[in-house]
Amino acid sequence: MRISKIGLGTTKLDNLDAMFPGQDILIKTGQLIQYASGVFGLNHVPLAVKQNVEEIIRKEFASNDIIEVLLPSIHPKSTWERSGRYETYVNDGTMLITETGNGTFCLQPTAEEAIIEFVESKLNSYKQLPVILYQMNDKFRNEIRNRGYMFRGKLFTMMDAYSFDDSIENSVKSYEKIKKSYLNIFKQLGLNVIPVAADSGSIGGSKSEEFMMLSPLGEDTILYNKELNLGLNTEILEHENYMEILKENYNIDSLEGFEEVRSIELGHIFQLGTLYSDKMKSTFTTKDEKQNSYVMGCYGIGVTRVVATIFEEFILKENDKVVGFSLPMSITPFIGTIVSSEERKDEAEML
């Protein structure tokens, strides 16, 4: 592939965005195209990095029998009404909807309801469990405050996975399996993340952990204990029984040694229990012929945000001046460049 064909513009790297110089370089060189606030198109270089990120996720999951599927990005209103979340998401302005002569449809901000409808006619026996499915596609959230180019937008790519088990105990095993895979994925990406005790928010469930990378670019404030390499999102402290939550779910019995730091959330995992399957009346047949609700977990990695983080984290500087990028080999779009003389042009074309 000729570098002259990939649309890589040239520009002097002056007056870069002080907070997000990496993505500003992509903007100035024509590699990141903004259509509207929070809506971007990717040219070849960031697209190639994104595809490499996705491939690392796919290989890690394939080695752990975590199966890729693809759900539609547009859902009928009825899917969301089954769980009771339709009115909540519409009223708070999160979900983008379109009304047509054939009904109302929703652009997916997440897919707990859709994945249940995907499996409920197929996973009808305890013999078919456990199962973990994931997809990698675009999500849509009507963010009021878009921030940091690709860090928080209306359109973004997310890897979202969902586990289905026959008991709480087995669901915890699936949760821990995903957690281990996440740590392997981020290690391969060259990003130093830590699991952080978190509030489950609008997704719900009994326990959740965010995968945070310590960075002044982050919009999250966490409490971090450097000696223990433990963190917790300050949102947990809003609960009256926060110490009970921290002790029971995360084995944190004291806040001594924890300090406030900024961080970027790159992933989030949840123990959902039967929250959604109960609401949607989705069950499987147990060994003793009873009907039980699926015990679920859900898991996300913000692929677009990971790409944004990569371009900000691996900035190359000379004399404190940003001059480009130095990306890890695992995700770089190009391993090397061939430069030839005119006399050896034909030979170079064959390499």
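This is a predicted model: local features need pLDDT of at least 70, side-chain atom pairs count only at pLDDT 80 or more; totals for chains, interfaces and linings use all residues.
Figure 1. About 60 Å³ of space lies in the largest cavity. Its lining is made by R147, F151, L217, G218, E219, D220, S263, I264, E265 and R305. By type, the lining residues of the largest cavity are three nonpolar, two polar and five charged. Strand β13 (residues 259-273) gives the largest share, three residues. Rolling a probe the size of a water molecule over the atoms shows where empty space is left.

**Figure 2. The largest pocket and its lining.** The largest pocket contains about 1,200 Å³ of space. In total, 44 residues line the largest pocket. Nearest its centre lie R141, E143, R152, E265 and H268. Two or more lining residues come from each of α4 (86-91), β8 (155-165), β13, β16 (295-302) and α9. The lining of the largest pocket divides into 15 nonpolar, 15 polar and 14 charged residues. E265 is among the residues lining the largest cavity, and E265 is also one of those nearest the centre of the largest pocket.

**Figure 3. Helix α1 and its surroundings.** Six of the eight residues of α1 are buried, so this helix is largely enclosed by the rest of the structure. The buried residues are P21, G22, Q23, D24, I25 and L26. These buried residues pack against β1 (32-36), α2 (44-62), α9, β17 (315-318) and β18 (321-325). Just after α1 comes G30, with a positive phi of about 75 degrees.

**Figure 4. Helix α1 crossing helix α9.** Two packed helices are described by the angle between their axes and the distance between the axes. Here α1 (residues 21-28) and α9 (residues 303-313) have axes that come within 7 Å. The two axes cross at roughly 100 degrees. That angle makes α1 roughly perpendicular to α9. On the α1 side, the contact is made by P21, G22, Q23 and L26. On the α9 side, A308, F311 and E312 take part. The residues of this contact divide into four nonpolar, two polar and one charged. P21, G22, Q23 and L26 are also among the buried residues of α1.

**Figure 5. L123 and the loop between α5 and β7.** L123 sits in the loop between α5 (112-119) and β7 (131-140). With a relative accessible area of 9%, L123 is buried, because the cut-off for burial is under 20%. Leaving out residues up to four places away in sequence, L123 touches Q128, L129, V131, F164, T283, F284 and Y294. The peptide bond from L129 to P130 is cis, with omega near 5 degrees.

Figure 6. N15 is found in the segment before α1. Although N15 is not a glycine, its phi is positive, at about 55 degrees. N15 is exposed, with a relative accessible area of 74%. N229 lies in the loop between β11 (220-225) and β12 (230-233). N229 is not a glycine either, but takes a positive phi of about 55 degrees. At 40% relative accessibility, N229 counts as partly exposed.

Notes
Residues are numbered from 1 along each chain as its sequence is written. Side-chain values use heavy atoms; hydrogens and water are left out. Axes are lines fitted to C-alpha atoms, for helices over the stretch in contact, and angles run from 0 to 180 degrees between N-to-C directions. Helices (H or I, at least four residues) and strands (E, at least two) are DSSP runs, numbered from the N terminus. Angles under 35 degrees count as roughly parallel, over 145 as roughly antiparallel, 65 to 115 as roughly perpendicular and the rest as oblique. Contact means heavy atoms within 4.5 Å. Ala, Val, Leu, Ile, Met, Phe, Trp, Tyr, Cys and Pro count as nonpolar, Asp, Glu, Lys and Arg as charged, and the others, Gly among them, as polar. Buried means under 20% relative accessible area, exposed over 50%, partly exposed in between (1.4 Å probe, protein chains only). On a 1 Å grid over the protein atoms alone, a cavity is a set of points where a 1.4 Å probe fits but cannot get out, and a pocket is an open set with protein on both sides within 12 Å along at least five of seven lines; lining residues have an atom within 4 Å of a point. Grid points are joined across faces, edges and corners, and a volume is the space filled by probe spheres set on the points.
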